[in-house]
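Colleague: I would like to go through some of the labels used for this model and hear what each one rests on. Please set each value against its definition.

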Amino acid sequence: MEDQTPRARSLKISEGKILWVGQMSHPRAGADIAIDCHGQTVLPGFHDAHMHLLAYASSLTGIDCSPNSASDIYDIQGSIRLKTQTVPKGSWIKGWGYNEFYLRERRHPNRYDLDTAAPEHPVRLVHRSGHASVLNSMAMELLGITIETAEPPGGIIERDFSTGEPTGLLYEMDGWLNERIPRPSYGEMSEGVKRAAQVLSSQGITHIQDATPSNGPEQWRLLESLRSEALIPQHIVMMAGSDGMRKIIEDTRLVGMEDGRIHSRASSKLRLGPLKVVLDRTTGRIHPPKEELVEDIRWANERGIQVAVHAVELETLELAIEAFETAGLSGYKSGHRHRIEHASLCTPDMARRMAKLGLMVVTQPSFLYHNGDRYLAQVEHVNWLYPLHTLEQSGVLCAASSDAPVVAPDPLNGLFSATTRRTSGEDAVNPSENISIQKALEMYTRNAALSAHLERDSGSITTGKHADLVVLDRDPKTISPYDLMSTKVVMTIIDGEIVYEAI
């Protein structure tokens, strides 16, 4: 990923940084440790430029309701029943990753389905997208959700058409629920984060960006504590919503400035990232309105803070672009590198306008593999879906991510998806929008580093940068794209330390 030296035969690491890159076959002089990769391929460590670390950690300790584990609601009920036998009555049970499209019933579970499995435990199931949850009756009673409960701004409580009673299905109420449901203990969260870090390391991921809009000082302190206990070796960039961002930057005990970027006073591996704004139209009206988004953009620009706008649909992406145009500020060209998260549906004209503004796009290629069959069945404008080639040709710089726990953090799956656009059902989603393996690799390395102002330290194997590396058992640029998913991570190195080594 280094233009001046696209390939080399050896490199030296000292004190966590790359000391030298060159063509020597055996550069062992003065080395304490020599690693012979036997013709395998060393790349810059992969970045996951948009994920939700704490939610992903929680998902690893909850019930797996994903399509791989549950083919119908009966399977979900069975898993919940088993869980009730291991936790005290009245304790919360949480499940993750269900997707109604892949369930045999082709519908969401409801409160009564969950009541059958757990009448004496409050239960919450989180949809694979993270934008919907299902509660059982005990959970709803504990949270005070009744026929009279008003919906919070931007949220929807689904109700029975004939009675008006809540069915247990809630849309866009994740933040509302998280404020009211007891949080995992520090010990439980530590165990989940430790397991998450092990998975990330095994996938060659050395950098993550947590894009959770409800992040604030509490999550910042938690990440500092987890890092201080060496439970997660990855470099972390944490985004925050409007309220949380303001509270963090106003507290000089939490953050300081380094190289013009805001970082943790407790850990050099934790940095503050963009202001996260979620544009949503679940209720039929886009929330927040354009005027509020323009104010957020201008506020962030005055303080040198990036803005990352979540925009999935055509309507929300159009509003986001209009807001940046109205603010009169460009992103990448101005140095702030403002971002659109997802841009799932994007027309060629929108791509050109984003390029003119200098906006980056952080996309999720793996969604094509995991959700592609549903897209083909349900999305009207499939030709505008994740248009990676159009974005590239328009001059929009793209970074890649998983949005975990929506899908697993697996860059090799993402590389396969970006280059083939194949679904898990072996169909193709508009294959004319595929990109080369070189461009796909850039999205997971140097472009992702650029998206978080990390290019001075990471994104390429360059002298002086952090020794954050992944070793693969083959060269992704010389194999068929269809062999990418069988490619193995052999070793992961972060700051010169081996954090994962395949057995």
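Colleague: Why is R107 called partly exposed?

Modeller: R107 has a relative accessible area of 34%. Buried means under 20%, exposed over 50%, and partly exposed in between, with a 1.4 Å probe and protein chains only. The value for R107 falls in the middle class, so R107 is partly exposed. As for the ground rules, this is a predicted model in which local features need pLDDT of at least 70 and side-chain atom pairs count only at pLDDT 80 or more, while totals for chains, interfaces and linings use all residues. Residues are numbered from 1 along each chain as its sequence is written, and side-chain values use heavy atoms, with hydrogens and water left out.

Colleague: What makes D113 and R107 a salt bridge?

Modeller: A salt bridge needs a side-chain nitrogen of Lys or Arg within 4 Å of a carboxyl oxygen of Asp or Glu. D113 and R107 are at 2.9 Å, N to O, so the pair qualifies. D113 itself is buried, because its relative accessibility is 12%. The structure holds 24 salt bridges.

Colleague: Which parts of the chain does the salt bridge of E318 with R353 link?

Modeller: The closest N and O atoms of E318 and R353 are 2.9 Å apart. The pair links distant parts of the chain: E318 is in helix α10 and R353 in helix α11 (348–357), 35 residues apart. Helices here are DSSP runs of H or I of at least four residues, strands are runs of E of at least two, and both are numbered from the N terminus. R353, at 18%, is buried, whereas E318, at 23%, is partly exposed.

Colleague: What is said of E2, which is buried yet has no salt bridge?

Modeller: The nearest side chain of opposite charge to E2 is K465, 5.4 Å away; Lys and Arg count as positive, Asp and Glu as negative, and His and the chain ends are not counted. The side chain of E2 does make a polar contact with the side chain of T462, at 2.7 Å. A polar contact is a pair of N or O atoms within 3.5 Å; within protein, one must be able to donate a hydrogen and the other to accept it, and residues adjacent in sequence count only if both atoms are side-chain atoms.

Colleague: Why is V406 called buried?

Modeller: V406 is buried because its relative accessible area is 9%. V406 is found in the loop between β19 (398–400) and α14 (411–420). V406 touches R128, S129 and F367, leaving aside residues up to four places away in sequence; contact means heavy atoms within 4.5 Å.

Colleague: And why does I181 count as buried?

Modeller: I181 counts as buried because its relative accessibility is 6%. I181 sits in the loop between α5 (174–178) and α6 (186–202). Beyond four places in sequence, I181 touches W92, K94, R124 and L143. I181 and L143 are 38 residues apart in sequence, and 7.7 Å apart from C-alpha to C-alpha.

Colleague: How do you know that strand β8 is joined to strand β10?

Modeller: Two strands pair if DSSP finds at least two bridges between them. Three bridges join β8 (132–135) to β10 (166–171), so the two count as paired. These strands run antiparallel, and A132 stands opposite Y171 in β10.
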